[in-house]
Every structure is written in structure tokens, then in C-alpha cells.
Amino acid sequence: MNIVLVGFMGSGKTTLARMLSKKHGFRFVDTDKLIEKKERMTISEIFSLKGENYFREVERQVIDDELCFCDNCAIATGGGMPCFFDNMEKLKTLGWVVFLKAPFDVILDRVKGSSKRPLFKDVEKAKELYFKRIGCYSKAHFTVEVSGSKEKVLEKIEKFIFRGYGESYN
Ligand code: S3P
């Protein structure tokens, strides 16, 4: 069984996937890192040299060519991955998909000043994108409200994946 974490930039997908892998022996997978390795460029370079559409195509390929072989993985997805093509449906066939739902203010606090995220250069545009994507993320199997410590958030994820219940089912 895989755990797939989805949500906006800065919602804690990578941190929580790492925590899950450390504590429960899942293999940690980060889709942005797979893309950077495959393309031999950073995400920012891909966006500026090849454009977003190209990046989205590579994201789609990564699901078809690499994620489909995951078994017992904690997968941190890129923030836009589930919102393009039929990616969300495919992710849902890999295992439990968990939406980390963090308030925009929390996200802004974590992400501001980071040059690594091409879609966060303009805060107003990022905010618009955040609200536009909520509907897509909410198609996940389960939504975890990101509040309190990361250990608390981890606990909420564990409750769902190991005991089959939690805060809200989608
Ligand atoms: C993106 C999120 C980023 C990365 C790329 C595009 C998005 O991943 O995939 O910059 O469209 O939201 P993180 O969510 O890990 O920052």
C-alpha cells in the first residue's frame, strides 16, 4: 500500500512523507525530485527554459512510468500534479490519497522568500491558484486539516491509514 500526499505548495507534503517513511518503513518518494533527476534540471529551470506545459507532461509521465511501480511508498507530489489531466484518478489507484489542507496564511508564512517555486513569485496569483485548486485536492480519499505541530498532523494521517477513520472522508 502507498500513501500519496497532495496539497498546495508549502502544505508539508515532503516533511510528512519523510516522517511516514522514517516511522513506518515506507520508501520516501518525491515527484519533483524524480522530475529533476529525469530532466537533469531544477524545477525552476524546467519552468523557465521549457515552460509549464512541458513540466505538466513530464509530471504525467512520472506517474505512468515511475509511480505505478511504487509499493509501500510515501509519495510527496508536486502541488499541481493532481490538478492536471486524469492524474488524480491515477494517483487514487496507487493507494490512499491524503489532502493536506493548510490555510493560505500558514502556507504564505512557510513559502515566502523561497526562490524555488516558480508559481509562488506573485502572492496574489498564488492565492488565486490556491482557491482554484481546493476542489481538485478535495477529491482525495481523505482530508487532513494542517494545524498544530507536524507530529499532530502525522497522527491524523496515521489514524486514517492504519485505523481506517479520521477527521473527514471525501
Ligand atoms: C507546483 C508545486 C511545486 C512544483 C512546481 C509546481 C504547483 O511542488 O511541482 O513548482 O503547481 O503547485 P511543491 O508543492 O512541492 O512546492
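Predicted model: local features only at pLDDT ≥ 70, side-chain atom pairs only at ≥ 80, totals over all residues.
How many residues apart in helix α8 are Glu 155 and Lys 152, and how much of a helical turn separates them?

1. Glu 155 and Lys 152 are 3 residues apart in helix α8, which spans residues 150-163, so about one helical turn separates them. They form a salt bridge whose closest N and O atoms are 3.6 Å apart. Glu 155 is partly exposed, at 45% relative accessibility, and Lys 152 is also partly exposed, with a relative accessible area of 45%.

2. **A network around Arg 56.** Salt bridges that share partners link Glu 52, Arg 56 and Glu 59 into one network. Within it, Arg 56 and Glu 52 form a salt bridge, with 2.9 Å between the closest N and O atoms. These two residues sit 4 residues apart in helix α4 (residues 52-65), which means about one helical turn lies between them. Do have a look at the burial here: Arg 56 is buried, at 4% relative accessible area, whereas Glu 52 is partly exposed, at 27%.

3. **A pair out in the open.** Lys 112 and Asp 109 also meet through their side chains in a salt bridge, at 3.3 Å from N to O. Both of these residues are exposed.

4. Leaving aside residues up to four places away in sequence, Ile 157 touches Leu 5, Leu 16, Leu 20, Val 98, Leu 100 and Val 144. In soluble globular proteins, nonpolar side chains tend to be buried together.

5. **A nonpolar patch on the surface.** Which residues form a nonpolar patch on the surface? They are Met 1, Trp 96 and Phe 162, and together they have about 290 Å² of accessible area. Met 1 lies in the segment before β1 (2-6). Its relative accessible area is 41%, so Met 1 is classed as partly exposed.

Note on methods. Residues numbered from 1 in each chain as written. Heavy atoms only, no water. Salt bridge = Lys/Arg side-chain N within 4 Å of Asp/Glu carboxyl O. Buried < 20%, exposed > 50% of the residue type's maximum accessible area, 1.4 Å probe, protein only. Contact = heavy atoms within 4.5 Å. Patch = residues over 30% accessible without salt bridge, like charges linked within 9 Å, V, L, I, M, F, W, Y side chains within 5 Å. Areas by Shrake-Rupley, 256 points an atom, 1.4 Å probe, with all protein chains shown as cover.
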